[in-house]
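Trainee: I have a model open and would like to understand the terms used to describe it. Could you take me through them?

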Amino acid sequence: MSERPFLEVKNLVKYFPISSRGVFFKKQVGVIHAVDGLNFSVDKGTTFGLVGESGCGKTSTAKAILYLDPPTSGHIYVEGEAIGDIFKSKSRKEILKLRRKMQYVFQNPYASLDPRMTVAGIIMEPLMIHKHVPKNKWHDKLYELLELVGLEEYHAERYPHEFSGGQRQRICIARALAVEPEFLIADEPVSSLDVSIRAQILNLLGELQDRIGLTYLYISHDLSSVRQISHRVAVMYLGEIVELADTDDLFKEPLHPYTRALIQAVPIPDPKTKRMKSMLPGEVPSPINPPSGCRFHPRCSEAKPECRKRTPKLVQVGPNHLVACHKYRLNIHMCAHV
Amino acid sequence: MKLMEWKLMAPKELLKIENLKTYFDTFAGLVKAVDGVSLEVREGETLGLVGESGSGKSVTALSILRIVPTPGKIIDGKIIYKEENLLEKTENDLQKIRGKEIGYIFQDPATSLNPVFTIADQLTEVIKRHQNVTKKEALKKAIELLRLVEIPDPELKIWNFPHQLSGGMKQRIAIARALSCQPSLLLADEPTTNLDVTIQAQILQLMKNLKDKLGMSMILITHDMGIVAGVADRITVLYAGRVCETADTKTIFYNPLHPYTNALLTAVPSLALRKEKLAVIPGTIPNLVEPPSGCRFHPRCEYAKAVCAEKIPPLEEVESRHYVACHRALEIDLESPLGAETNE
């Protein structure tokens with residue numbers, strides 16, 4: 001892996017201010033620490049999974065990466081280029097060039113398609129904006145895209161309400177692919193779909209990666225679909241990455257207590273698996289006042305006094321395996337002394 | 001011999017639904033949401049009602065209490081609860097059953113709790129309605145209920161409004177409300193769908209413990225095969241308003257006879273191992289205004305033959321308490337993704 005990664009995220013921070021409801025003045029009374037210092041990179045042609053419970057900052061991360069909701073601080077590099085500078089320069093040409101590279105498939109296919117546009121209009125809109133395909137080729141491109149995502153030509157004249165959830169998600173994917181992107185952020189693309197349709201969409205994403213070499217950032221709270229589709233996975237908790245590893249390593253040998261609890265909490269469709277007796281107590285704390293030290297310590301069964309005081313850093317514990325937990329830092333510390 | 005007899009005699013049927021039909025007369029046409037569903041729940045048993053959206057799971061549960069929203073109507077069938085047909089009862093009699101004999105946990109705790117009343121109001125309302133107690137006693141009982149569903153500081157939390165509580169807490173309140181009169185049957189409609197996995201595990205464990213503690217029967221509605229695997233004793237699989245298969249949990253998972261049951265099992269990504277490609281059920285869920293003729297699954301079924309499009313397969317008992325509605329159930333050899341059952 002000497003090649004430069006496609007996407008690099010360095011120290012990404014996203015805070016949302018909370019304002020009091022004053023009559024004349026808005027006063028900032030606090031901040032929501034949605035994303036707090038994220039570092040990761042995504043290699044070209046691979047799928048990077050981002051897992052966590054609701055409110056842990058997965059979607060905020062994705063929106064910050066695309067500057068749909070610009071980050072508070074931090075840097076994002078796409079093929080070595082700092083994209084923050086491009087968005088700040090406000091050069092429409094440059095921004096469009098970037099947008100063509102990176103696209104987004106939104107969480108809810110029922111809300112992300114304009115109900116008053118036909119499928120043809122929806123899919124051709126990016127072509128009109130980016131003008132990367134000559135006008136007489138637009139319809140060819142449209143039919144090519146429809147075929148790519150497994151829809152029929154006659155679907156082009158229909159409206160979104162005539163489609164089922166799975167088909168809508170295919171339209172969203174076709175729209176994102178219209179600009180021939182290299183990178184696709186898929187934000188819970190299957191969470192609102194039925195089980196029999198989920199498999200179709202997951203397979204489609206996999207096929208597209210094989211055929212056109214797409215790079216994905218796959219966001220989900222569903223660990224089994226992440227296991228199916230990702231090459232590398234980051235587990236998030238309250239705006240921080242707690243564990244980052246190759247998919248097989250992570251699921252075979254989860255190191256962080258949170259990752260372990262998360263994997264154990266997934267109901268396995270096999271009546272013979274032993275159900276765990278001990279489970280994660282409590283709930284995710286508020287990101288307005290996150291707990292001190294390790295943010296997971298109030299729910300962690302292995303918490304020590306140290307966890308309350310100091311924030312653990314993400315450290316390497318194996319090849320391509322990083323964990324943010326004092327337990328492992330201590331082990332390495334001891335090894336170094338021996 | 002005595003023991004055998006006792007075993008055969010002991011589990012009594014608590015609820016039996018026969019050929020239930022609930023239709024919705026809409027502008028688009030007559031939607032046959034539930035079209036001939038039959039199932040049974042025995043005392044102390046948990047029945048998992050599994051199916052995708054639009055398969056009629058919720059409407060079946062709503063029909064039991066006769067609270068199907070308009071324009072829905074129960075057209076035909078029998079719902080026999082404790083040897084009495086609920087469909088023949090008067091509205092007044094039914095109100096004595098709702099909440100007291102049969103508890104209901106609705107799908108979305110955020111919308112099933114009233115936002116303008118405190119938790120205390122909403123819990124004592126049910127208790128006062130069904131039990132002859134004073135306001136003070138009802139409040140005491142409500143606090144006891146919150147303790148039962150493991151809510152910390154129940155004396156304080158009871159004065160909260162629903163918006164002050166998290167999703168998991170709201171679901172615990174909904175469970176407390178459903179259990180407030182110690183029902184014999186609990187209907188839980190996707191009780192964990194909007195919750196995170198760790199919270200889901202907490203709620204499922206809580207429901208399982210409470211069910212054993214209070215000795216209730218339960219119908220758990222879900223689309224997640226993982227959840228029923230851990231909680232249900234028996235499973236009924238619904239597809240497009242009809243029952244495909246009913247059997248005990250192990251049989252459903254290891255020796256399914258209906259192609260749809262097997263497809264549901266294979267289409268789910270697994271945590272244990274990554275598959276090269278997920279098995280796919282082609283097509284989409286049928287429109288219930290004009291459902292497919294014959295077996296409703298036939299357009300998506302890889303084993304379908306001419307007869308499947310023509311005749312409706314009857315729900316037949318192929319083994320003891322294993323019911324299947326498929327013309328070819330005994331001809332085809334389905335292989336469960338979990339492998340055949342081994343008696344270890």
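Trainee: What makes β1(B) and β4(B) a pair?

Mentor: Strand β1 (residues 13-26) of chain B and strand β4 (residues 72-81) of chain B are joined by 8 bridges, and the cut-off is at least two, so they pair. The two strands run antiparallel. For an example, look at Lys16(B), whose bridge partner in β4(B) is Ile80(B).

Trainee: Why are β2 and β5 of chain B said to stand at the edges?

Mentor: The open sheet has 4 strands in the order β2-β1-β4-β5 (chain B), paired antiparallel. β2 (29-42) and β5 (84-85) each have a single partner strand, so one side of each has no neighbour in the sheet.

Trainee: And which helix lies across β1, β2 and β4 of chain B?

Mentor: That is helix α2 (residues 57-64) of chain B, which runs at about 70° to β2(B).

Trainee: Why are α5(B) and α6(B) called roughly perpendicular?

Mentor: Helix α5 (residues 119-130) and helix α6 (residues 135-148) of chain B pack at an angle of about 115°. Angles of 65 to 115 degrees count as roughly perpendicular, and therefore the term is used for this pair. Their axes are 9 Å apart, and the crossing is right-handed.

Trainee: Which residues make that contact?

Mentor: From α5(B) come Ala120(B), Leu123(B), Thr124(B), Ile127(B) and Lys128(B). The α6(B) side includes Leu139(B), Ala142(B) and Leu145(B). By class, the contact has 7 nonpolar, 1 polar and 3 charged residues.

Trainee: What makes up the side of chain B that touches chain A?

Mentor: In all, 40 residues of chain B are in contact with 33 residues of chain A. The elements of chain B giving two or more residues are α9 (197-214), α10 (225-231), α11 (249-254) and α12 (259-266). α9(B) gives the most, with 7 residues. That side of chain B divides into 20 nonpolar, 13 polar and 7 charged residues.

Trainee: How do you know which part of chain A has pLDDT under 50?

Mentor: Go by the scores: over residues 333-338 of chain A, pLDDT stays under 50. The model has 0 contacts beyond four places in sequence for that stretch. Where pLDDT is low, predicted coordinates should not be read in detail. Chain A as a whole averages a pLDDT of 88, with 95% of the residues scoring at least 70.

Conventions:
Residues are numbered from 1 along each chain as its sequence is written. Chains are lettered from A and ligands numbered from 1 in the order in which they are written. This is a predicted model: local features need pLDDT of at least 70, side-chain atom pairs count only at pLDDT 80 or more; totals for chains, interfaces and linings use all residues. Axes are lines fitted to C-alpha atoms, for helices over the stretch in contact, and angles run from 0 to 180 degrees between N-to-C directions. Angles under 35 degrees count as roughly parallel, over 145 as roughly antiparallel, 65 to 115 as roughly perpendicular and the rest as oblique. A crossing is left-handed if the near helix is turned anticlockwise from the far one by less than a right angle, and right-handed if clockwise. Two residues are in contact if their C-beta atoms, placed from the backbone, lie within 7 Å. Ala, Val, Leu, Ile, Met, Phe, Trp, Tyr, Cys and Pro count as nonpolar, Asp, Glu, Lys and Arg as charged, and the others, Gly among them, as polar. pLDDT is the predictor's confidence in each residue, from 0 to 100.
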